[in-house]
Amino acid sequence: MKRRNFLKSVAVSTLAAPAILKDTTTADAGSEPEEKELEITWLGGATMVLSCGDLTLLTDPCLGEGEQAFKMGDPNEMFDLGKGPNIKFHRRLTPFPGLQLNNVDHVILSHLHEDHFDQEAQRVIEKDKSLLAPEHELGVLSSKGFTKLTGLKWGQEHVLTKGKVKVTIRTIRADHSEDPQISKILGEGNGYWFTFEHGDWKKSLYWTGDTFPTDAVLQSLGSLGSPDIFIPHLGGVGSTGPLGQISMGASHVVQFTEALNPGKILPLHHSTYELYLEPIYHLAESLQGESHRLDLVSEGTTLRYI
């Protein structure tokens with residue numbers, strides 16, 4: 001497998017650490033696609049395209065751009081918890097790389113906060129597209145006109161197949177805060193453990209959703225072993241607001257890494273939006289002794305895991 005640096009230059013202050021980020025990516029992004037491989041394209045935020053054989057999945061689609069990329073409350077501003085946050089537009093700092101929606105077989109949603117399923121995605125995704133989401137969110141999705149819905153509870157398994165590819169999806173608990181009361185306010189979300197199979201080839205992937213490595217989350221992962229690819233959500237969101245931190249920082253990813261011993265770490269949920277507070281180079285610094293695991297890329301990069 002080739003070793004290359006796939007960090008593109010991005011004019012965003014949160015990526016202004018080239019000396020730290022250099023040569024951190026070890027997955028192959030330069031070769032032609034192979035039949036037995038998992039191809040991951042990061043589109044920004046928590047949005048990625050997962051392709052294996054003929055099967056294509058899209059996670060947490062956020063498709064808006066510019067100054068008004070999406071609209072939701074701002075957890076980084078101080079507000080009265082009894083009244084709720086200031087609802088406002090949020091700015092995307094990087095261009096959207098583009099997406100062929102007609103190639104997507106299923107959309108996987110960790111939760112329905114607008115920085116994970118934005119207004120533009122809700123508008124342009126076909127209403128009969130297959131959506132997999134937390135079971136308690138099905139009513140909301142149905143009210144938005146979506147008709148092909150699969151609800152997933154914590155601990156549940158669901159199997160998708162297409163051609164020679166089989167994907168087993170296990171739903172993992174996601175705690176949006178380390179404070180149980182704040183997690184209750186924010187609502188339950190899902191993380192997902194994917195097992196991709198193509199004949200005798202197999203690849204496992206843990207996509208955290210918006211969670212922290214709480215005891216309950218780590219316990220739910222205990223029997224699954226070490227994932228080939230670990231995909232955490234970062235950004236340090238909320239650390240300046242009344243909810244406290246509601247997305248992981250580098251120290252939490254280190255804790256997850258020590259518990260799971262993943263083969264590769266592909267961080268998402270950083271740098272794309274002004275909403276994110278912690279620069280991604282904090283993770284590169286924190287994992288310097290484990291840099292061979294870190295696949296740190298910019299939006300639009302495709303990695304192939306074979």
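I took helices (H or I, at least four residues) and strands (E, at least two) as DSSP runs, numbered from the N terminus. By that count, the protein has seven helices and 15 strands.

I noted that this is a predicted model, in which local features need pLDDT of at least 70, side-chain atom pairs count only at pLDDT 80 or more, and totals for chains, interfaces and linings use all residues. Residues are numbered from 1 along each chain as its sequence is written, and side-chain values use heavy atoms, with hydrogens and water left out.

I looked up burial next. Buried means under 20% relative accessible area, exposed over 50% and partly exposed in between (1.4 Å probe, protein chains only). Of the 306 residues, 55% count as buried.

I then turned to the nonpolar cores, which are sets of buried Ala, Val, Leu, Ile, Met, Phe, Trp, Tyr and Cys residues joined through side-chain atoms within 4.5 Å. The largest has 28 residues, and Ile-40 and Phe-194 have the most contacts inside it. Among the elements that give it two or more residues are strand S1 (38-44) and strand S11 (189-198). Apart from this core lies another, of 21 residues, including Trp-193 and Met-248.

Two strands pair if DSSP finds at least two bridges between them. Six strands form the sheet in the order S9-S10-S11-S12-S13-S14, with mixed pairing. Its edge strands, S9 (157-162) and S14 (264-265), each pair on one side only. S11 and S12 pair in the antiparallel sense over seven bridges. Trp-193 has Tyr-206 in S12 as its bridge partner.
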